[in-house]
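Here is a short briefing on one protein chain, for a reader who has not seen it before.

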Amino acid sequence: MIILSIDGGGVRGLIPAIILADIEQRSGKLVGQLVDLVAGTSTGGIIAAAVGAGIPMAEVASLYGNRAPQIFQRSLGRKVASLGGLTDEQYSDEGLARCLEDLFGARRLSDCTCDVLITSYDLVARVPHLFKSSRAKQDRRRDDLLRNVCRASAAAPTYFEPATLLEPGAAATRILVDGGVAANNPAMCAAIEALKTMRGRDEHVFPTMISLGTGRVEDAPRPDQVRHWGMLTGARQVLELLMEGPADVVDYQCRTVIPDYHRLQPVLPRPVALDATDQADMVLMATVAGRMLASPDYARLLRALGLDAD
């Protein structure tokens with residue numbers, strides 16, 4: 001069994017999308033034909049849903065450069081009304097919703113050809129909410145539209161307003177935000193789901209895990225840069241740190257318990273914001289992804305998929 005897990009990270013999802021597009025080019029197959037289970041959070045959830053829906057990764061990668069300016073677009077009126085993001089979400093969800101509708105159309109979780117798990121967080125119940133294609137195929141009440149699933153998983157606090165989801169028979173409407181609040185690196189969620197799937201089978205080998213990060217900056221901030229962080233100056237940095245720290249914990253857990261574990265987490269030469277839309281940022285991420293494709297870690301990942309690394 002092969003598991004693919006994709007972190008959250010906003011526009012930095014371009015990096016794993018390029019990597020997966022290269023895998024499709026090498027193999028001549030869609031990623032969903034190479035893996036048994038794909039899990040994703042936020043931007044990784046969008047990519048995971050695309051894998052399950054059989055959408056080519058080259059098409060997904062092109063969306064980041066072509067649609068990011070529409071997704072992260074603020075009118076002058078919104079800037080004024082939200083006081084630059086201090087009193088309300090920075091962005092309307094209209095651009096994101098249009099992008100997701102164009103990408104997924106009327107596809108639902110049950111339409112996925114491989115098992116899909118996408119994370120979000122329920123603000124009312126204060127628990128993680130996991131969208132699962134396997135559950136959707138058994139219970140049509142859970143068979144949500146992929147565009148709605150991804151909208152919920154990508155509702156990053158301070159960036160987009162929470163998503164609402166009314167489930168038939170549910171006691172109340174769910175109010176969902178970005179899955180990165182609970183699991184920006186969903187690899188351990190995926191591992192547990194795989195073990196549940198394998199339970200009762202005559203299988204004694206732990207699944208192969210491929211985990212794709214969206215990049216991190218190795219250089220730590222100077223003490224004088226963080227000493228006086230407040231709500232106005234440090235909110236964004238704190239949000240990313242709260243997602244990055246637990247993601248590193250999951251990486252440690254997976255390295256400890258999964259023998260056949262492959263993690264690609266590229267190092268960025270400088271910070272790239274979740275909502276970066278400059279062409280220079282897109283070029284930088286494409287360059288970083290290209291370096292990963294030439295790395296020994298990627299060669300080992302290809303061999304784990306049964307592909308030629310040459």
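Buried stands for under 20% relative accessible area, exposed for over 50%, and partly exposed for values in between (1.4 Å probe, protein chains only). This is a predicted model, in which local features need pLDDT of at least 70 and side-chain atom pairs count only at pLDDT 80 or more, while totals for chains, interfaces and linings use all residues. Residues are numbered from 1 along each chain as its sequence is written, and side-chain values use heavy atoms, with hydrogens and water left out.

- S1 covers residues 2-6 and is mostly covered, with five of its five residues buried. Strands (E, at least two residues) and helices (H or I, at least four) are DSSP runs, numbered from the N terminus.
- Over five bridges, S1 pairs in the parallel sense with strand S7, residues 208-212. Pairing requires that DSSP finds at least two bridges between two strands.
- Leu37 in S2 is the bridge partner of Ile3.
- A right-handed β-α-β unit is made by S1, helix H1 (residues 14-27) and S2. Right-handed here describes a path from the first strand over the helix to the second that runs clockwise, with the strands pointing away from the viewer.

**A nonpolar surface patch**

- Leu123, Val124 and Ile175 make a nonpolar surface patch of about 230 Å². Patches take residues with over 30% relative accessible area and no salt bridge, joining nonpolar side chains (Val, Leu, Ile, Met, Phe, Trp, Tyr) within 5 Å and like charges within 9 Å. Accessible areas come from the Shrake-Rupley method with a 1.4 Å probe, and for residues only the protein chains shown count as cover.
- Leu123 is found in the loop between strand S3 (115-122) and strand S4 (127-132).
- Leu123 counts as partly exposed because its relative accessibility is 36%.

- A salt bridge is a side-chain nitrogen of Lys or Arg within 4 Å of a carboxyl oxygen of Asp or Glu.
- Arg67 and Asp102 form a salt bridge, with their closest N and O atoms 3.0 Å apart. This pair links distant parts of the chain, 35 residues apart: Arg67 is in helix H3 (residues 57-71) and Asp102 in helix H5 (residues 94-104).
- Arg67 counts as buried at 15% relative accessibility, whereas Asp102 is exposed, with a relative accessible area of 54%.
- Asp93 and Arg151 meet through their side chains in a salt bridge (3.1 Å, N to O). Asp93 lies in the loop between helix H4 (76-81) and H5, and Arg151 in helix H7 (residues 146-153), so the pair ties together parts that are 58 residues apart in sequence.
- Asp93 counts as partly exposed at 22% relative accessibility, and Arg151 as buried at 9%.

- Asp297 and Arg300 form a salt bridge, their closest N and O atoms being 2.2 Å apart. Both residues lie in helix H13 (residues 296-304), three residues apart, about one turn of the helix.
- Asp297 is partly exposed, with a relative accessible area of 35%, and Arg300 is partly exposed at 40%.
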